[in-house]
Amino acid sequence: MPLLRWLFSGRSLLMALGFGLVIAGVIVGAALLAGTPRATLEGDILEPEPTCTGSPQRYILSEGIAAEDVADQLEELGVIRSSVQFNVLASFLGLQNRLVSGVYTLHPCESTIAILRRITVVGEDVPTIRVTFPEGLRIEEMAEIAQQAGFGPAEEFIAAARDVELPLTLAVELPEGVGHEGYLFPDTYIVPLGSTAAELVALMAETLHLRFSADLREAAARRGLTPHEVLTLASIVEREVLVPEERAVVAGVFFNRIEAFDRLGADATTQYCIASDPASVEAYGWWKPGDELTFADLDCDSPYNTRRYAGLPPGPIASPGLASIEAVVYAEDTDYYYYAVDIFSDDGSHCFAISFEEHDNPNRCQRIDR
């Protein structure tokens, strides 16, 4: 068996770790000298490996993922033969903390070094795009940010969001006829220059799958909630709450109302509803200010308007961040049934009440200690 194949086969992990730096140097030298995609050391002779027959694999590298996890995923996909070799090389070359998130098409015929170079920032001159999406935005607002960052016309982003293939764990409970609003995770993304809007959207959907983790989904299931229901309620919490400490309390208020088969009564859902009118969007933007809402606005006829219809709307009204998702999954169990903006505060905090009498009297409602 060739020396390098034996060392990096995974069957001699201790030996590979013990001689990692020396071996990595041999591999780097072999790759440079051979000038071929892959080479093995057979005595003193460098020979190309047999022609590979694997097919290209689409791989989404998420922001913040550890190099060790990338190695395991690439080995599972069959793109690389040894995660151990990948990790030793990444460490030797100092690339383990220089991964660039993005959507890649990787071929098993590429050398591990070639793959490392493609998915990492090797030098300061490697061009990338950095784009940040704040929490609580609609797809249309995200599209405008993507366009400004250089991902093409906003319409391309919107079309990609409509057509993106969601991870199965998220898609399985998606109601028929409901779009992908709320399924693009708000975060900062650093991707290679030239990435398309479709690739960016795919990365955002995959990032949601990673951040809305299996543990969170299991905790949600214990509350009797599907991922779609969590995202729907979390999107309302995201738009309604400015003070972080209040998120789980407001989520608890919503659960009390849902249990009573009552209306959630969230202004944010009314704002989402009236944004279907182009004239309103032109005059006020995608989110008409709450103090500008009229009685006609509050009566907007849409299943998304929780001031008119009881229970949850059909789907999210925006993209919630992780804090709002966690607030719904781990909502506080209280007797509060009402909340309103605290008129004695200027930070957007709320005043909570159990009865309508308390709710109607700002001096009697309760505030959250912070």
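**Disulfides, a pocket and a helix pair**

Tutor: Start with the link of Cys351 and Cys365, which is right-handed, with 105° about the S-S bond. Cys351 sits in strand S8 (residues 350–353) and Cys365 in the segment after helix H18 (356–359), so the pair ties together parts 14 residues apart in sequence. Helices (H or I, at least four residues) and strands (E, at least two) are DSSP runs, numbered from the N terminus. Keep in mind that this is a predicted model: local features need pLDDT of at least 70, side-chain atom pairs count only at pLDDT 80 or more, and totals for chains, interfaces and linings use all residues. Residues are numbered from 1 along each chain as its sequence is written, and side-chain values use heavy atoms, leaving out hydrogens and water.

Student: What is a disulfide, and how many are there by this rule?

Tutor: A disulfide is a pair of cysteine sulfur atoms within 2.5 Å. That rule gives two disulfides here. In one, the sulfur atoms of Cys351 and Cys365 are 1.4 Å apart. In the other, those of Cys273 and Cys300 are 1.7 Å apart. Cys273 belongs to helix H14 (residues 267–274), while Cys300 is in the loop between helix H16 (295–298) and helix H17 (322–329), 27 residues away, so this pair links distant parts of the chain.

Student: Why is the disulfide of Cys273 and Cys300 left-handed?

Tutor: Because the torsion about its S-S bond is about -65°.

Student: Are Cys273 and Cys300 buried or exposed?

Tutor: Buried means under 20% relative accessible area, exposed over 50%, and partly exposed in between (1.4 Å probe, protein chains only). Cys273 is buried at 4%, and Cys300 counts as buried at 15%. Cys351 and Cys365 are both buried too.

Student: Now helices: how do the axes of H11 and H17 cross?

Tutor: Axes are lines fitted to C-alpha atoms, for helices over the stretch in contact, and angles run from 0 to 180 degrees between N-to-C directions. The axes of helix H11 (residues 214–222) and H17 come within 9 Å and cross at roughly 35°.

Student: Which residues make the contact?

Tutor: Contact means heavy atoms within 4.5 Å. From H11 come Leu216, Ala219 and Ala220, and from H17 come Leu322, Ile325, Glu326 and Val329. 

Student: And which strand gives the most to the lining of the largest pocket?

Tutor: S7 gives the most, with four residues.
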